[in-house]
Amino acid sequence: MQIMVCLKQILDPELPPRDFRLEKGEMTPAAEGVPLVMSSFDQNALEVGLQLREKMAGATVTAVTVGPEGAEDVLRKALAVKADRAVRVPLEQDSKLSGGIVAGLLAGAARELGADLVLCGRQAGDWDGGQVGLILAEELGWPGANLVTGIEPGSGGLVLKCELDEGYEVLEGNAPLVAVVTNHETNVLRIAKVKDTMAAMRKKVEQINVAPQGGRLELASLEIPVKEVNCEIIPGEDGVEKADNLFKRLLELKVL
Amino acid sequence: MNFELDKELLFLKEMVRDLVQEKVAPRAAEIDEQDEFPWDIKEALAEHEILAMPFPEEYGGTGGKVLPMAIAIEEIAKVSASVAMIPSGQCLGSVAIILAGTEEQKQRFLPGLASGEKMCAYGLTEPNAGSDVGGMQSTAVLDGDEYIINGTKRFITFGNIADILTVFAKVVDKNTGEKKLSCFAVEKGEGLVVRNLEHKLGVKGTPTAELFFDNMRVPKENLLGAEGDGFKIAMQVLDKTRSEVAAQAIGIAQGALDYAVQYARDRVQFGSPIGKFQAIQMKLADMEMKTQAARYLTYVAADKYDRKAHDRGKYSAMAKAFASDAAMYVTTEAIQILGGYGYSKEYPVERMFRDAKIQQIYEGTNEIQRIVIARSLLGRGF
């Protein structure tokens with residue numbers, strides 16, 4: 001079983017707002033001097049992949065990312081927790097890519113690698129698009145399972161545990177398939193060990209070139225919203241009078 | 001010349017930070033409050049190979065270099081100096097075996113220590129011999145195939161939980177009465193009584209012990225190096241481990257500084273965050289300068305040790321003294337910035353202040369470090 005896990009490098013979501021910079025006219029936030037991390041749901045997907053490998057003799061985990069050379073840091077983090085291989089699909093990213101394009105690139109990598117199972121996080125921690133996983137399943141022509149929290153080997157294939165609003169459902173399926181993973185207490189990414197961490201820096205990161213295809217949604221502009229908060233106290237002796245004054249004020253402001 | 005840590009070390013720093021945030025941060029205040037050795041954290045440090053860092057790879061370690069060790073200790077000490085002392089203590093106790101042990105001794109002792117299955121401690125200080133190592137009174141007399149050790153060791157970090165102790169004592173020649181300071185790897189057993197010394201000001205949860213050797217018989221093959229090598233071994237051990245004390249101090253300083261910066265941003269007085277007042281800004285700037293200067297001096301000292309530079313002893317003395325003085329300064333100012341809150345146990349800076357003080361004292365007081373530094377300038381005879 002070849003398990004491919006898709007990982008995205010993003011600006012650290014814990015970044016304080018004062019350190020989040022977006023220059024006027026730029027289509028991506030400034031990444032210099034700010035921490036870049038592996039998107040959190042992707043961490044859950046990686047952990048699901050690693051746990052499945054431990055239960056299936058001969059299974060391998062390949063970590064894949066799409067992006068520039070600097071994005072290899074997330075692959076090294078995957079190698080540090082003992083992913084077997086790391087692959088980057090090179091792409092100089094100058095603005096937000098539509099989920100469709102990224103899914104196309106990842107599908108190309110999955111075919112090239114001969115993957116049987118592709119794991120993705122449910123959405124990236126920067127844009128929160130939540131599209132790549134299921135479009136990827138569509139691109140590959142494979143079934144896609146959503147909101148997966150864990151996968152076990154079953155008698156006839158794979159058993160996927162999926163989260164519902166209240167409770168969970170269990171799906172059975174055969175590879176090849178795509179599983180879109182969400183967070184759960186059972187799939188928090190393990191912490192690496194010292195030797196594996198140091199060794200990860202010396203391991204090879206492979207490259208697979210895939211030509212971007214498909215319609216591209218162009219990002220036209222990007223800005224940090226300016227929030228203005230005005231507080232007005234509505235006068236009145238009692239609730240009835242206050243409600244009446246509020247109603248008149250809302251009419252004045254053309255809210256009603 | 002590049003003063004940045006290389007990618008491998010940055011990656012290690014991030015890994016240790018992840019571990020500390022998950023395992024240590026939620027327990028840091030509790031360890032201080034309860035003053036009990038955190039066995040759960042020690043297990044986590046062993047599992048993630050932090051305890052293996054002082055040891056060469058051939059004995060189950062991760063390499064034994066000082067710079068990566070310093071970086072790991074700094075990251076831990078940002079959150080808990082007590083926990084940072086666990087790998088530091090394991091290193092301090094075992095360096096004598098690494099430096100002076102025979103291959104047989106290394107094979108015998110090191111793998112169990114590298115895996116964290118066993119703990120060790122360094123038995124140098126005595127009730128009447130602290131800075132004056134040569135004034136030590138413990139003795140060892142060869143009797144057949146065994147040395148008989150007598151004497152008392154005091155302020156021995158982890159002395160009560162350690163399985164193996166590197167103990168210094170003077171071998172007495174039965175005929176001539178000549179005394180030779182020597183070092184032994186001692187496994188706990190009959191003839192050794194351990195008494196806990198508690199109620200320290202800081203680094204709570206790091207048990208300190210008094211060791212009473214009463215005719216304890218230690219096999220001859222446990223002598224590390226030759227008879228008379230003890231002083232040299234003791235100094236070589238400290239040359240290595242002082243950079244790790246410095247790293248603890250930087251961690252404490254950075255932890256307190258980070259807290260003070262956050263507080264200066266959030267705390268409003270006279271209608272503004274106190275960080276807008278120059279009185280606070282001056283303090284923060286001085287704290288940052290001292291912390292950064294200490295950090296670079298420590299990294300240089302650690303790197304010099306790893307490269308076996310001839311002046312590594314002087315640099316580790318400078319790093320230890322400078323960084324621990326910086327930590328004391330920074331934590332004191334952090335309390336001042338937090339005011340009454342800083343003095344309260346509700347906030348962690350008072351713990352950091354208490355933990356900083358010992359850094360100026362143990363593994364050679366800062367006064368002794370200054371003598372080491374001055375003598376390196378003045379030459380022999382001073």
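A polar contact is defined here as a pair of N or O atoms within 3.5 Å; within protein, one atom must be able to donate a hydrogen and the other to accept it, and residues adjacent in sequence count only if both atoms are side-chain atoms. The structure is a predicted model, in which local features need pLDDT of at least 70 and side-chain atom pairs count only at pLDDT 80 or more, whereas totals for chains, interfaces and linings use all residues. Residues are numbered from 1 along each chain as its sequence is written, chains are lettered from A in the order in which they are written, and side-chain values use heavy atoms, with hydrogens and water left out.

Across the interface of chain B and chain A, eight residue pairs are in polar contact, both residues being at pLDDT 80 or more. Helices are DSSP runs (H or I, at least four residues), numbered from the N terminus. Helices α1 (7–24) and α7 (230–266) of chain B each supply at least two residues of the side that touches chain A; the largest share, nine residues, comes from α1(B). By class, this side of chain B comprises seven nonpolar, five polar and eight charged residues, where Ala, Val, Leu, Ile, Met, Phe, Trp, Tyr, Cys and Pro count as nonpolar, Asp, Glu, Lys and Arg as charged, and the others, Gly among them, as polar.

In terms of contact (heavy atoms within 4.5 Å), 20 residues of chain B meet 16 residues of chain A. The two chains bury about 1700 Å² between them, 65% of it on carbon and sulfur atoms; buried area is the accessible area (1.4 Å probe) that two parts lose on being put together, summed over both. B:Glu8, B:Phe11 and B:Glu49 supply 36% of the area that chain B buries against chain A, more than any other three residues. Three salt bridges are counted between the chains, each a side-chain nitrogen of Lys or Arg within 4 Å of a carboxyl oxygen of Asp or Glu. One of them joins the side chains of B:Asp18 and A:Lys77 (3.2 Å, N to O).

Within chain B, an automatic or database domain assignment gives domain 1 (7–114), domain 2 (120–226) and domain 3 (231–378). The C-alpha centres of domains 2 and 3 of chain B lie 31 Å apart. These two domains bury about 990 Å² between them, 74% of it on carbon and sulfur atoms. In domain 2, B:Tyr122, B:Leu201 and B:Val203 lose the most area to domain 3, together 43% of what that side buries. No salt bridges are counted between domains 2 and 3 of chain B.
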